[in-house]
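Please look through the sequence and the structure shown here before reading on.

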Amino acid sequence: MARIGFIGLGHMGGGMAANQARAQHQVTAFDLSAEALRRAEAAGCRPAASVAEAVKDAEVVITMLPAGPHVRQVFETDVLVHAPGGALLIDCSTIDVDSARHVAGRAAEAGFVFADAPVSGGIMAADAGTLTFMVGCPEPHYAAVKAALLPMAKAVVYAGDAGAGQAAKICNNMLLGVTMLGVCEAFALGERLGLEPERFFDIASQSSGSCWSLNTYCPWPGVGPSTPADRDYEGGFLAALMLKDLKLAQEAASKSGAATPLGAQAEALYALFDRMGYGGKDFSAVLQWMRGRPEALKSGVP
Ligand code: NAD
């Protein structure tokens with residue numbers, strides 16, 4: 001049994017903290033939201049009154065926060081000040097690579113081991129304990145980080161040194177955004193050409209166009225395996241979160257000098273889709289927009 005300080009009990013962190021408690025760890029949890037804290041308590045966590053209180057006796061600190069500024073602030077103001085020496089610090093939020101490296105540097109100066117460990121998988125995977133973690137930390141510490149993440153994981157994968165987990169996450173999600181847009185365009189063109197969507201799926205999913213966005217996460221309702229498209233594009237990976245990740249990818253591309261024209265186009269398209277009021281829909285809902293039928297989507301604001 002480990003003593004875990006868990007900060008950030010929202011859509012993702014709530015289920016993750018519950019899985020640590022279910023694995024018999026002693027989880028002391030904090031969130032700014034009293035409602036989130038109450039849910040964590042009902043799931044077996046001890047509620048704390050502040051970040052400082054949540055981390056003061058922790059052997060492992062796990063954070064699941066909205067974005068880079070939250071992570072910098074929580075670590076610099078509280079975690080690095082109040083966590084006991086030797087605590088293992090793991091941030092699972094999706095944030096910019098620079099912030100991850102900055103916090104890793106500050107943690108190292110203060111004598112802590114820090115890992116960035118963003119996740120693939122949404123709220124259902126967080127609840128079920130089946131997330132995939134991409135870990136950036138010095139390699140000798142990876143085994144300890146992996147052991148701490150396992151109660152929340154289907155897979156834990158080593159990505160490299162500090163920031164590499166975030167780099168892997170934004171590159172993966174940029175690829176996902178681009179392939180989903182490509183799949184949606186192909187379905188929309190096929191429809192104009194009189195191609196039945198089921199037939200197109202059967203052919204392309206066994207041909208060179210096959211990819212995860214088509215085969216596993218097909219955006220056309222009623223075609224292929226069960227996906228958010230079959231549930232009015234609810235309950236999947238929100239278009240607004242895809243936009244967040246595409247923005248992080250573009251920020252990283254412009255800072256590093258990488259040419260990512262398809263990533264830039266994907267960001268522009270998801271930004272427009274979000275502004276049209278569909279940020280609360282699953283990211284595969286862009287299909288209905290490309291078909292010229294955005295009215296098929298009930299407006300969902302996250
Ligand atoms: P969320 O907004 O539901 O949860 C974030 C929580 O952090 C909130 O409960 C908020 O009150 C809390 N918080 C903010 N500042 C705080 C502070 N200073 N101290 C304590 N608590 C604080 O977000 P989420 O959907 O759980 O996502 C969390 C992270 O996971 C994000 O970085 C997101 O990009 C990433 N992510 C989300 C999904 C998803 O499907 N929701 C999937 C993969 C990755």
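## Leucine 181

L181 has a relative accessible area of 6%, and because buried means under 20%, L181 counts as buried. The model in which this residue is seen is a predicted one. L181 is found in helix 8, which covers residues 164-192.

## Methionine 152

M152 lies in a loop, with helix 7 (142-149) on one side and strand 9 (153-160) on the other.

When residues up to four places away in sequence are not counted, M152 touches F6, M16, Q20, I62, G129, T130, L131 and F133. A168 is 16 residues from M152 along the chain, and the C-alpha atoms of M152 and A168 are separated by 19 Å.

## Domains

The domain assignment divides the protein chain into domain 1, residues 3-160, and domain 2, residues 167-299. The C-alpha centres of domain 1 and domain 2 lie 29 Å apart. Domain 1 gives 13 residues to the contact, and domain 2 gives ten residues.

## The chain as a whole

The protein chain has 13 helices and nine strands. Its radius of gyration is 20 Å, close to the 19 Å that the globule rule gives for 302 residues, so the protein chain is as compact as a globular protein of that length. Along the principal axes, the C-alpha atoms fill a box of roughly 65 × 45 × 35 Å.

Among contacts in the protein chain with a separation of 6 or more, 61% are accounted for by residues 24 or more positions apart.

## Surface and charge

How many of the 302 residues of the protein chain count as buried? The share is 50%. The protein chain exposes about 13400 Å², and carbon and sulfur atoms supply 57% of that area.

The protein chain carries 23 positive and 30 negative charges. The mean positions of the positive charges and of the negative charges are 2 Å apart.

Notes: Residues numbered from 1 in each chain as written. Predicted model: local features only at pLDDT ≥ 70, side-chain atom pairs only at ≥ 80, totals over all residues. Heavy atoms only, no water. Helix = DSSP H or I, 4+ residues; strand = E, 2+ residues; numbered from the N terminus. Rg over C-alpha atoms; globule rule 2.2 N^0.38 Å. Buried < 20%, exposed > 50% of the residue type's maximum accessible area, 1.4 Å probe, protein only. Contact = heavy atoms within 4.5 Å. Areas by Shrake-Rupley, 256 points an atom, 1.4 Å probe, with all protein chains shown as cover. Lys, Arg positive; Asp, Glu negative; His and termini not counted. Charge placed at Lys NZ, Arg CZ, Asp CG, Glu CD. Domains from an automatic or database assignment.
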